[in-house]
Amino acid sequence: MGNLEIRAAVTDDIPAVVGMLADDPLGAQRESPDDLSPYLAALERLSGDPNQHVVVAVREARVVGTLQLTVIPGLSRKGATRSIIEGVRIHADERGSGLGTQLIEWAIDESRRQGCQLVQLTSDATRTDAHRFYERLGFTASHVGFKLSL
């Protein structure tokens with residue numbers, strides 16, 4: 001495997017990113033790779049916010065992974081800043097290669113660089129393999145998450 005670059009996502013990356021988002025049973029139900037306009041609009045909004053970091057992992061000029069890191073200043077925990085990792089996806093050809101670990105380690109390092117005291121993430125309750133992966137990286141399942149669709 002060639003060298004890996006982790007960089008900010010750009011418009012040309014969106015088809016590959018959306019393809020990865022849709023390439024699993026949950027994503028297949030909620031993503032629409034046939035209409036990229038909402039994703040392009042979202043990337044434009046996100047790119048204008050210094051607390052949002054949508055990144056891609058690129059190997060040999062091919063997007064092979066992605067995640068979004070959000071930095072949130074707060075009042076709790078003595079005014080701590082935290083980060084949230086979302087939308088982690090690894091291309092099917094790269095799963096098991098260590099790329100997921102590299103992406104999460106990038107997010108943790110960037111969180112430290114941004115002055116965060118805590119990194120958090122959620123993972124769908126059905127993704128037991130992902131849960132084991134995050135636990136191996138030192139994350140603990142310390143909270144119960146809730147969502148409300150609007």
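## The E2–E3 pair

Strand E2 covers residues 52-59 and strand E3 covers residues 62-73. In this predicted model, the two strands run antiparallel and share eight bridges. Two residues separate E2 and E3 in their hairpin. There, Glu60 adopts a positive phi near 50°.

Val56 sits opposite Thr66 in E3. Gln52 faces Thr70 of E3. Strands in a sheet are joined through backbone hydrogen bonds, in either a parallel or an antiparallel sense.

## The sheet around it

E2 and E3 belong to an open sheet of five strands. The order is E1-E2-E3-E4-E5, and the pairing is mixed. Strand E1 (4-8) and strand E5 (118-121) form the edges, each pairing on one side only. On average, neighbouring strands are turned by 25° against each other, direction ignored.

Helix H1 (residues 14-22) packs on this sheet. The helix touches E2, E3 and strand E4 (81-90). The direction of H1 makes about 85° with that of E3.

E3 also pairs with E4. That pairing is antiparallel too, over eight bridges. Thr70 stands opposite Ile84 in E4.

## Gln52: a buried strand residue

Gln52 is located in strand E2. Is Gln52 buried or exposed? Its relative accessibility is 18%, so Gln52 counts as buried; the cut-off for buried is under 20%.

The side chain of Gln52 makes a polar contact with the side chain of Thr70, at 2.7 Å. Leaving out residues up to four places away in sequence, Gln52 touches Leu46, Gln68, Leu69 and Thr70.

Which residues does Asn3 touch, not counting residues up to four places away in sequence? They are Val58, Arg59 and Glu60. Glu60 is the hairpin residue with the positive phi near 50°.

Asn3 and Leu121 are 118 residues apart in sequence. In space, their C-alpha atoms are 27 Å apart. Strand E5 (118-121) is one of the two edge strands.

Notes: Residues are numbered from 1 along each chain as its sequence is written. This is a predicted model: local features need pLDDT of at least 70, side-chain atom pairs count only at pLDDT 80 or more; totals for chains, interfaces and linings use all residues. Side-chain values use heavy atoms; hydrogens and water are left out. Two strands pair if DSSP finds at least two bridges between them. Helices (H or I, at least four residues) and strands (E, at least two) are DSSP runs, numbered from the N terminus. Axes are lines fitted to C-alpha atoms, for helices over the stretch in contact, and angles run from 0 to 180 degrees between N-to-C directions. Contact means heavy atoms within 4.5 Å. Buried means under 20% relative accessible area, exposed over 50%, partly exposed in between (1.4 Å probe, protein chains only). A polar contact is a pair of N or O atoms within 3.5 Å; within protein, one must be able to donate a hydrogen and the other to accept it, and residues adjacent in sequence count only if both atoms are side-chain atoms.
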